[in-house]
Amino acid sequence: MLPDISAACRAVLDEPRPLAKVKAARRAARDWRLGRTPWGFATAMPDRPARTDRPPLLPPSRMPKRGRAGSPRARIAMLHALAHIEYVAIDLAFDLVGRFGGHFPQRFVDEWIAVGAEEAMHFALIERRLNSYGARYGDLPAHDGLWEAAAETAHDPLARLAVVPMVLEARGLDVTPSLISRFEAAGDERSARVMRRIADDEVDHVAAGVGWFRFLCDAARIDCAQSWQSMVRLHFRGAVKPPFNDSARDRAGLTKEMMAGVAAPCDLSHNRPSRVRGGHS
């Protein structure tokens, strides 16, 4: 048995092999749920999670275009990009617990350890779809925008919650319906079904981010909407662009009042500088 929950989180982050990381995440979640892992935060989190040399990581500007899923090659590229997002999301969830869990009550750890296990399940589902096309995770390049967000917000749980679940993961709520439509149009109903399953879970993940952000704001007696807008301006350079999936965002607790302070008008050039890049695209 590992010494405490932070050590269990660190074990997930230190595992470089994708399928072994999935197993480590599931094991950590199971042991925590069954009361086998003590509360405690004696183990520091790494600056970066362990990685193999696959996939090669490129700057976002050098990432190849993926197309619209009309060909098997384009569908592999889409699935690979989605797999990478879910893979990094495993580490983001366990880093959140291991790095900041001591700032919160136990139910925070309960919720985010479960989120980490769900991200591991999402990765496994997408990897299985890649395998059905004769591909696997690591075959194509990926970019490191999501972990850049973790590094940018490693000092502050309020900043981490504001940027990772409430901006980057929330972007997935906006784009997933169109991804589902692309897979359906290509006749790949199995991939579409996987994406529908993931979309339902991701609403809950974003809601967890919103809920715990509000918890910190209430504890500090500061305005939630204004604090989120301030954190986004400070740690996410550029605009949070429409169109938005208003119904999904509303279910997750990202109200129109909150969005009004960060949303930019539609920029048809789609050019913007950004310190933190990542999420669904």
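Is T153 buried or exposed? T153 is buried, at a relative accessible area of 0%, where buried means under 20%, exposed over 50% and partly exposed in between, with a 1.4 Å probe and protein chains only. The model is predicted, so local features need pLDDT of at least 70 and side-chain atom pairs pLDDT 80 or more, while totals for chains, interfaces and linings use all residues. Residues are numbered from 1 along each chain as its sequence is written, and side-chain values use heavy atoms, without hydrogens and water.

**T153 and its surroundings**
- T153 sits in the loop between α5 (145-152) and α6 (157-185); helices are DSSP runs of H or I with at least four residues, numbered from the N terminus.
- Apart from neighbours within four places in sequence, T153 contacts F100, A159, R160, V163 and H235 (contact: heavy atoms within 4.5 Å).

**Packing of α5 and α6**
- The axes of α5 and α6 are 8 Å apart, at an angle of about 155°; axes are lines fitted to C-alpha atoms over the stretch in contact, with angles from 0 to 180 degrees between N-to-C directions.
- α5 is therefore roughly antiparallel to α6, a term for angles over 145 degrees.
- From α5, L146, A149 and A150 meet R160, V163, V164 and L168 of α6.

**Nonpolar core**
- The largest nonpolar core has 87 residues, and I90, W112, I113, F213, W228 and L254 touch the most other members; such a core joins buried Ala, Val, Leu, Ile, Met, Phe, Trp, Tyr and Cys residues through side-chain atoms within 4.5 Å.
- Not counting residues up to four places away in sequence, W228 touches A162, M166, V167, F213, L254, M258, M259 and V262.

Key: Helices (H or I, at least four residues) and strands (E, at least two) are DSSP runs, numbered from the N terminus. Angles under 35 degrees count as roughly parallel, over 145 as roughly antiparallel, 65 to 115 as roughly perpendicular and the rest as oblique.
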